[in-house]
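Me: I am new to this structure and would like a close look at one single part of it. Please take me through that part slowly.

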Amino acid sequence: SSSMQTRQKIFLFLSSSLTAFLWMVFQNYEEMKHELVIFFVYIAVVVSLQALLIWLLGYFAKRAPVTRHMSTLAAGIFTCVNLYTMILVNHEFFSKFDNMVAAGVILFFTVISCGVYSVPNEQFYKVISRFSVTLIFLITGQFFITSMWPEAFRSLPDHFSIPEFSKHPNVYVITFDAMTPGEIVHDVLGVGGISYKKQVDEFNGRIIPNAFAERIPTKWSLNSFLAMDMDYFDTLRNKNSFINNKAANPVYDIFRHNGYKIQFLYDTYYFGDDHGRLDYYGAAQIQGLCTHIEKPIAFIGYCFPQVQKAVRSFIHVRDEVYIDYLLNRIKETSLSSGPWYTQARIYMPGHSKLSFDPYKQSDWEEFKENFQQRSRTAAGYLERVLQSLKENDPDAVLLIFGDHGMLTSRH
């Protein structure tokens with residue numbers, strides 16, 4: 001019957017959308033969990049409205065048979081749009097597609113989905129439904145197994161030793177995303193004038209030559225820095241375990257042994273949460289899920305600026321400007337009675353976008369212009385950090401580095 005087929009279509013549509021949602025959330029749970037409730041509500045509302053339209057078109061199929069085909073078409077389109085914006089648009093391969101190609105991909109999969117939804121065989125629907133439910137259980141089970149991985153039960157390798165400090169200044173490690181030496185920028189982009197040497201010289205700093213990040217991208221780079229030993233780092237399954245102190249952290253252990261408190265700061269909860277393991281863990285934004293998303297169509301339109309503005313208004317969130325937040329925290333740290341180890345990240349000047357194509361000259365020109373502009377902004381931020389330390393914490397130790405290069409060649 002048409003009512004039975006409509007219910008089957010809606011069940012398959014909801015299960016496929018739920019599968020895409022769970023897969024995406026479980027892959028990025030630490031990063032998303034602070035925003036998960038409002039994000040889930042948004043997705044639930046949108047998907048429910050889609051399901052309602054599918055049902056209404058199917059409901060009127062008795063009076064107007066054409067609506068049955070419209071119901072099938074709506075189910076196919078919504079299924080593909082949800083899968084594409086939840087998962088594929090954030091994948092490096094698919095992110096390179098322009099709007100026309102992306103529409104073609106959605107159309108191609110829509111045809112396949114409509115074919116599935118058009119099968120009149122009830123046994124076929126039962127098999128597909130069982131497969132969908134099984135897939136949901138497998139994705140959920142894999143998440144719980146992975147989350148229980150016993151990184152916390154590891155101890156430091158025996159070859160680590162804990163030194164005793166003779167002095168106890170505040171120590172700041174501030175990393176800039178894709179901060180790159182001027183010589184390399186000139187070789188890769190063909191532009192000059194990008195250098196942080198002026199700020200370093202002005203505040204009597206020094207540049208350590210031939211220092212390289214040992215892993216990319218950002219999470220691996222900064223966590224491997226804290227691991228201090230690449231063999232130890234490579235044994236961990238969850239590579240984002242050091243910043244939040246979920247695994248034995250030699251840097252934190254050394255500083256704690258010498259009476260230091262530990263803090264980590266970033267613009268969002270991109271690195272997850274510390275669950276109270278650090279003395280201070282700061283994020284300037286609660287709603288930061290879309291910070292590193294390139295295309296606003298992602299997550300069924302959740303990252304569109306209008307939607308983000310509405311979400312912030314609805315939950316009454318007031319975000320802070322990160323550089324001001326960081327400088328205020330530096331001032332507070334300088335007034336503390338005991339020493340602090342502070343690690344912070346500034347998302348400047350920033351690497352190439354996920355869809356960057358090294359074979360397209362237009363992408364090179366766009367990135368060249370953006371990188372020059374954002375490098376000037378990063379230099380200004382660096383100067384503000386140095387000036388703040390000079391005024392508030394002149395005896396502090398400051399280490400600055402880039403977490404990786406410009407990522408104009410990802411393979």
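In which sense do strand S2 and strand S4 pair, and over how many bridges?

Reply: This is a predicted model, in which local features need pLDDT of at least 70 and side-chain atom pairs count only at pLDDT 80 or more, while totals for chains, interfaces and linings use all residues. Residues are numbered from 1 along each chain as its sequence is written, and side-chain values use heavy atoms, with hydrogens and water left out.

Strand S2 (residues 261-266) and strand S4 (residues 340-346) pair in the parallel sense over 5 bridges; strands (E, at least two residues) and helices (H or I, at least four) are DSSP runs numbered from the N terminus, and two strands pair if DSSP finds at least two bridges between them. Within this pairing, isoleucine 262 stands opposite tyrosine 341 in S4. S2 also pairs in the parallel sense with strand S3 (residues 280-283), over 4 bridges, and there phenylalanine 264 has tyrosine 281 as its bridge partner. Of the 6 residues of S2, 5 are buried, where buried means under 20% relative accessible area, exposed over 50%, and partly exposed in between (1.4 Å probe, protein chains only).

Tyrosine 341 is itself buried, with a relative accessible area of 1%. The rings of phenylalanine 255 and tyrosine 341 have centres 4.7 Å apart and planes at 35°, so this pair is tilted; rings of Phe, Tyr and Trp (its six-membered ring) pair if their centres lie within 6.5 Å, with planes under 30 degrees apart counted as stacked, over 60 as edge-to-face and the rest as tilted. The pair links distant parts of the chain, since phenylalanine 255 lies in helix H12 and tyrosine 341 in strand S4, 86 residues apart. Phenylalanine 255 counts as buried at 12% relative accessibility.
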